[in-house]
Structures are given as C-alpha cells and as structure tokens.
Amino acid sequence: MSLTSLDILGIGNAIVDVLAPTDDAFLAGRGLPKGGMQLIDTAQAEALYAAMPAGVESSGGSAANTCAVAAALGAKVGFLGKVAADQLGQVFAHDIRAAGVHFPTAPLASGAPTARCLILVTPDGQRTMNTFLGACVTFGPEDVDAAEVARAKVVYLEGYLFDPPAAQAAFRAAAKAAHAAGRKVALTLSDPFCVGRHRDAFRAFVAEECDILFANEAEILALYETEDFEVAAARVAQDVEIAALTRSEQGSVILSGGQRHVVAAQPTAVVDTTGAGDAYAAGFLAAWTAGKPLAEAGRWGSIAAAEVISHYGARPQADLKALVG
C-alpha cells in the first residue's frame, strides 16, 4: 500500500470467528446470556467448541470486521491487532490482507494462541458470543505504531479491547499519537456488558480523547446509566464531535454540532446480526473520510449493516460499492 495515507486505521482484537446455528435451549442449558459477549478461558472454549454444532470459521474481531467492510467500500484501511504465530494466526493474517487491509503487526512468537470467538446464532438472528482472547491480551502501547496512526485520517478503536489493562494504555497511546498528528479518534462501545465492566474508564476516554463515538441504544444507555435514549443522546452530544447511535429497525441518529440527522434502516431479511454495528461503522467512516455529509455517511452505514445481517458471517458477500451507489 502507498505510504501517502490511510483513511482508517483500526485497532482491536484479532480473532478468528466460529459461527454455528443453535437454539435458545442450548444457550439456557449452559447459562449463556443471549445476545451478549462473555469472556471464556481455555477450558470453557474447548468444552463449548466440542458441544457446538458444525460451524463456519472466518477471520473476525470487531474492528477487523469494520476494516474489511470499509476496504470493500473503497477506503484505504490498516489494522493493528495481535495474533500468535500459529495456524489460526496465519488464517487471520491471510484473510484480512486478502480483504485489502494493511496488517503490519508482528505475531506473538510464544505464549497464548490466537484468539477465537464462538458465536451461537439463534433462529431469530441474535448472536451470543463467547470469546477466548488468547494472544489479544498481549496487545499494549508498544504495539501502537505512531507512524501508522499518523498515516490515517481517523484511528478507530473497539471497546472490546478495553478488557486487558495493557490495551487501555494502548488506547491512550493511539489517541495521543492521532491527535498529535492532527487526526481524529473514533471509538465503538462494542457491547453493553463491556461498558458495564469499564464504565468509568470508558466515560473518561470518551470525554477526553474521543472525537467520533459509535454505539447502539443499549450501549449508550449503559454508558450514561439511564433508561432514556434522549437523555443519553444529550449527554454524548456534549462529550464528542460526532455521535452515531444505532437503534436496530429504527435506523440511526447522528448528532454533531447541535444538529441531528435521523437515518432510516435499510430493509432486509435478518439472518445473523453478527457484525451489524461493525459494518455500520465501516460504512459511516468510509463515507465520512471520503468527504460525504453526515446523513450520507449514515446511509452508507445502514446499507453496509443491512448487507452483513442478511447472511451468516460479518464480512460482506455482495458488492457494497454498487449498493451505496
């Protein structure tokens, strides 16, 4: 890739996804919170993997999915995330590079294996994620390449990466490098359970470092500890330059500079909601970094999200450039 610039540099967990269809009884029998994401250890990962129906394996991770979708829309994209020097690490690196994403992070030479996320999809399209972080937890400030950050118009950070302590320091390092280079910092809250685990740290980061925030309704309510969407919307509008808040079939609300844009959801048949928020952020940032107005960026986000939830897996299967026109 040319050294001139990147539109987006994603930083997040480098994970291989394993998706399998299941039912509510399977979740209930194992005490798995439907629709959420929980962290599991090696033993839990092995037991759940053995019990799951046959699945589809693909390169994943929230920010990595966003990067792949944005690249499919024509954006120039890079990604930083830690894999191990093992077979799944090679799968991840091959997949993301094949998607057109610059991936310069060196693999972990020894220690934990590459992360994997066991995703159980119920007939209603809801996904329940069980994540073994593996090598991801070793990502720290030393893995944040300031030169790579400075190349990008916006650095995009995933909330899931907040779980390991070293990663929070990495977030701060990335934000410092981005702002020093005159770039923007975007964050996705990722998951309401994740917000609940790190609410104070998230609030501080949003208020002090974040320029663009992505969140769904449950996540933004969790962040500001309210049950009123309008209260949360008013709070976030004071904290960031741009807030893009998704509301499932109600579409999305984009807040910036006292303005409010309501963007309709794109009609689609929901097969698997995995990656919906990732794809929305990708569409939004691909359009925004190309100079499109905020409402148009929201439209791109809605189209990308609708395409991704129409099939299994979080990577696009249709021509997104054609879909956005």
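**Figure 1. A nine-strand open sheet in a predicted model.** 9 strands form an open sheet with mixed pairing, in the order β6-β5-β1-β9-β10-β11-β12-β13-β14. Its edge strands are β6 (101-102) and β14, each of which pairs on one side only. Strands are DSSP runs of E with at least two residues, helices are runs of H or I with at least four residues, and both are numbered from the N terminus. Two strands pair if DSSP finds at least two bridges between them. This is a predicted model, in which local features need pLDDT of at least 70 and side-chain atom pairs count only at pLDDT 80 or more, while totals for chains, interfaces and linings use all residues. Residues are numbered from 1 along each chain as its sequence is written, and side-chain values use heavy atoms, with hydrogens and water left out.

**Figure 2. Strand β1 and its two partners.** β1 and β9 pair in the parallel sense over 5 bridges. Here Leu6 stands opposite Ala152 in β9. β1 also pairs with β5 in the parallel sense, over 4 bridges. In that pairing Ile8 faces Val77 of β5, the two standing opposite each other. Strand β1 is mostly covered, with 6 of its 6 residues buried. Buried means under 20% relative accessible area, exposed means over 50%, and partly exposed lies in between (1.4 Å probe, protein chains only). In a regular strand the side chains alternate between the two faces of the sheet.

Figure 3. Strand β9 (residues 152-158) pairs with strand β10 (residues 184-188) in the parallel sense over 5 bridges. Val154 stands opposite Lys184 in β10. Helix α9 packs on the sheet and touches β11 and β12. The direction of α9 makes about 110° with that of β11. Helix α3 (residues 62-72) lies across β1 (6-11), β5 (77-80), β6, β9 and β10. Helix α3 runs at about 165° to β5. Axes are lines fitted to C-alpha atoms, for helices over the stretch in contact, and angles run from 0 to 180 degrees between N-to-C directions. Contact means heavy atoms within 4.5 Å.

Figure 4. Strands β7 (residues 115-121) and β8 (residues 127-132) run antiparallel and are joined by 6 bridges. Arg116 of that pairing stands opposite Phe132 in β8.

**Figure 5. The buried side of helix α10.** Which residues of helix α10 (residues 229-239) are buried? They are Phe229, Ala232, Ala233 and Val236. These residues cover an arc of only 100° around the axis, which puts them on the same side of α10. The arc is that of the directions from the helix axis to the C-beta atoms. The cover over the buried residues of α10 includes β11 (212-216), α9 (217-224), β12 (242-246), β13 (252-256) and β14 (259-263). At the start of α10, a side-chain oxygen of Asp228 comes to within 2.9 Å of the backbone nitrogen of Glu230.

**Figure 6. Two positive phi values in loops.** Glu225 lies in the loop between α9 and α10. Phi of Glu225 is near 50°, a positive value in a residue other than glycine. Glu225 is exposed, with a relative accessible area of 55%. Ser248 sits in the loop between β12 and β13. Ser248 is not a glycine, yet has a positive phi of about 55°. Ser248 is also exposed, at a relative accessible area of 59%.

**Figure 7. The whole chain, for context.** The chain holds 13 helices and 14 strands. Its radius of gyration is 18 Å, close to the 20 Å that the globule rule gives for 325 residues, so the chain is as compact as a globular protein of that length. The radius of gyration is taken over C-alpha atoms, and the globule rule is 2.2 Å times the number of residues to the power 0.38. The C-alpha trace spans about 50 × 40 × 40 Å along its principal axes. Of the 325 residues, 55% count as buried. Among contacts between residues at least 6 apart in sequence, 73% join residues at least 24 apart.

Key: Polar contact = N/O pair within 3.5 Å; in protein donor to acceptor, adjacent residues only side chain to side chain.
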